Amino acid sequence: MSAVVDLTCELIRRRSVTPEDEGCQALLGERLAAAGFHVQHLRFGEVDNVWATHGSGGPTLMFLGHTDVVPTGPVEQWASDPFDPSLRDGRLYGRGAADMKGSVAAMVVALEQFVAAHPDHRGRVGLLLTSDEEGPANLDGVRRVAEHFRQSGERIDWCVVGEPSSRERLGDLIRVGRRGSLSGTLVVRGVQGHVAYPEKALNPIHAFAPALAELTAERWDEGNQDFPPTSFQVSNIHAGTGANNVIPGTLTALVNFRYSTASRAETLRERTEAILGKHGLDWHIDWSLSGEPFLTPPGGAVRDAVIAVCRELCGIEPEQSTGGGTSDGRFIAPLGVEVVELGPVNATIHKVDECVSVADLETLPTLYRAICDRLLG
């Protein structure tokens with residue numbers, strides 16, 4: 001097997017379910033140290049992060065990835081053990097094969113090759129890894145590292161994130177930005193009572209229904225040339241005691257905005273609260289901002305480099321998208337960094353029998369190395 005497949009297999013064998021790292025970063029740090037990188041292990045709370053750099057001065061090109069994976073789900077539904085990598089029909093199977101231990105391995109191999117060929121390259125090249133990308137909070141991963149960078153004066157110019165961006169073929173889609181994510185936990189209070197005596201109770205479900213209809217019908221913005229219109233979704237509503245003859249006393253709803261640069265989180269909060277207020281509800285909402293939207297504009301050096309590499313090495317004109325969910329790029333972009341995402345096909349991520357094409361996996365180091373060559377070689 002090739003070096004990148006061997007390394008991916010070694011990473012898959014480590015059961016690094018968020019926030020555990022299970023030695024992935026130590027293994028990769030040792031390899032990069034042997035290649036001449038300066039390696040810093042940054043542990044915050046229960047989360048392992050590693051920042052490895054080579055060179056000095058500027059500009060700085062960062063590769064960004066994560067060593068944690070999501071839970072496997074029912075193991076008996078997998079065709080093979082999810083933590084025992086299996087090669088079948090030209091694909092490598094295992095949890096994290098596509099998201100994103102394959103990309104991490106490819107980045108390490110590419111960096112080893114680049115500094116061997118260009119020991120005196122201009123600027124710096126680096127790799128930042130975290131074990132808290134897949135978790136719900138992301139408090140002590142790249143978010144915390146970005147704060148550390150800001151305080152220490154660490155300067156990053158360009159960032160390539162190895163998230164599985166491709167749709168059907170390697171390089172057919174790159175992410176040049178992401179929408180922001182604003183979540184809320186809404187509690188609507190009523191008065192519990194017997195369903196036979198509704199005049200003695202206040203049903204929070206009935207009270208909330210008109211406000212919900214207005215929230216879902218609201219046109220929050222029109223989007224812009226880079227982003228679709230902002231989306232409002234309710235992911236869960238819970239009320240009731242479990243008995244069919246009791247009017248519940250409270251309702252809890254989980255809501256989320258995926259919003260574009262045409263809106264601001266503060267404005268979305270204010271407009272939501274104004275709608276709730278005008279319906280006369282007894283309510284309270286706790287907001288959580290997961291990340292602001294970001295965009296690397298056309299003409300940016302890293303965006304142009306990634307596009308050129310996809311054209312030349314994949315033979316394809318990549319779609320330049322801001323769709324999908326969020327990534328750790330949302331924490332790096334506010335540092336003034338140009339961020340682009342390029343990785344393997346995402347068809348099986350988080351699924352049973354997650355896998356990556358071996359041919360794509362073996363091509364990835366070439367793509368990442370070519371980006372280094374263009375920007376720092």
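A salt bridge is a side-chain nitrogen of Lys or Arg within 4 Å of a carboxyl oxygen of Asp or Glu. With that in mind, select Arg374 and Glu312, which form such a salt bridge, with the closest N and O atoms 2.5 Å apart. The pair links distant parts of the chain, since Arg374 belongs to helix H9 and Glu312 to helix H7 (residues 301–314), 62 residues apart; helices (H or I, at least four residues) and strands (E, at least two) are DSSP runs, numbered from the N terminus. Arg374 is partly exposed at 43% relative accessibility, whereas Glu312 is exposed at 56%, where buried means under 20% relative accessible area, exposed over 50% and partly exposed in between (1.4 Å probe, protein chains only).

Before going on, note that this is a predicted model, in which local features need pLDDT of at least 70 and side-chain atom pairs count only at pLDDT 80 or more, while totals for chains, interfaces and linings use all residues. Residues are numbered from 1 along each chain as its sequence is written, and side-chain values use heavy atoms, with hydrogens and water left out.

The three strands form an open sheet in the order E4-E5-E19, with antiparallel pairing, where two strands pair if DSSP finds at least two bridges between them. At the edges are E4 (86–88) and E19 (355–357), each of which pairs on one side only. Strand E5 (residues 91–93) is joined to E19 by 3 bridges, and Leu92 can be found opposite Val356 in E19.

Now move to helix H5 (residues 204–217) and helix H6 (residues 265–278), which pack at an angle of about 145° with their axes 9 Å apart. To see the contact, select Phe208, Ala211, Glu214 and Leu215 of H5, together with Thr272, Ile275, Leu276 and Lys278 of H6.

Finally, return to salt bridges and select Asp157 and Arg155, whose closest N and O atoms are 3.1 Å apart. Asp157 counts as buried at 16% relative accessibility, while Arg155 counts as exposed at 52%. The last stop is Glu10, Arg13 and Arg14, which are linked in a network of salt bridges.

How values were computed:
Axes fitted to C-alpha atoms, helices over the stretch in contact; angles between N-to-C directions. Contact = heavy atoms within 4.5 Å.
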